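Subject: Structure handover

Hello,

Here is the structure for you to look over. My notes follow below it.

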Amino acid sequence: MADIYVRSTDGSDADNGSTWALAKATLAGAAAIDAAGDNIYLSQSHAESGGAVTAVFAGTMANPVKIIAGNDSAEPPIAVSAASLISSSSITLSGSYYLYGLTLQSATSILPNAQVTSNSVTLDHCSLITTGTGGSSF
């Protein structure tokens, strides 16, 4: 089980995500290297925006990936924070995962699991917001 750090303010998806100093910049960047049971920590100041966001997590029903918004003053965070934001045209998250403290905001659709029966999704202290008048999915 590994810890992967994500911080949009100074992260880079070319980094390995092993510390805050080497943080990934996006949730999709972290999902590209995760394994079942990993912890993905999002900085409390993390904010992604732009085009479609698609992330496929390697978690299983027995061993989901944990994605937790937390204070980036320690590794791992010693305090959780419900302040991280992903805002894009559409958001699709797949695989088995536990998500804590993240706001997902989209103009068209938020698909937290692509409706696969062998996956498990838990959203805890999260907000799902559609901003467009023609939103298709939630």
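Which residues have the most contacts inside the largest nonpolar core? They are L27, I40, F57, I67, L93 and L104, in a core of 20 residues. A nonpolar core is a set of buried Ala, Val, Leu, Ile, Met, Phe, Trp, Tyr and Cys residues joined through side-chain atoms within 4.5 Å. Buried means under 20% relative accessible area, exposed over 50%, and partly exposed in between (1.4 Å probe, protein chains only). Another core lies apart from it, with six residues, among them Y5, Y41, I68 and Y100.

Some ground rules. This is a predicted model, where local features need pLDDT of at least 70 and side-chain atom pairs pLDDT 80 or more, while totals for chains, interfaces and linings use all residues. Residues are numbered from 1 along each chain as its sequence is written, and side-chain values use heavy atoms, leaving out hydrogens and water.

Now the charged pairs. The structure holds two salt bridges (a side-chain nitrogen of Lys or Arg within 4 Å of a carboxyl oxygen of Asp or Glu). R7 pairs with D10 at 2.8 Å, N to O. D72 pairs with R7 at 3.0 Å, N to O. Shared partners join R7, D10 and D72 into one network. R7 is buried, at 12% relative accessible area. D72 is buried too. D10 is partly exposed, at 47%.

Last, C126. It is partly exposed, at 23%. C126 touches L99, Y100, G101 and L102, setting aside residues up to four places away in sequence (contact means heavy atoms within 4.5 Å). The C-alpha atoms of C126 and L85 are 9.8 Å apart.

Best wishes
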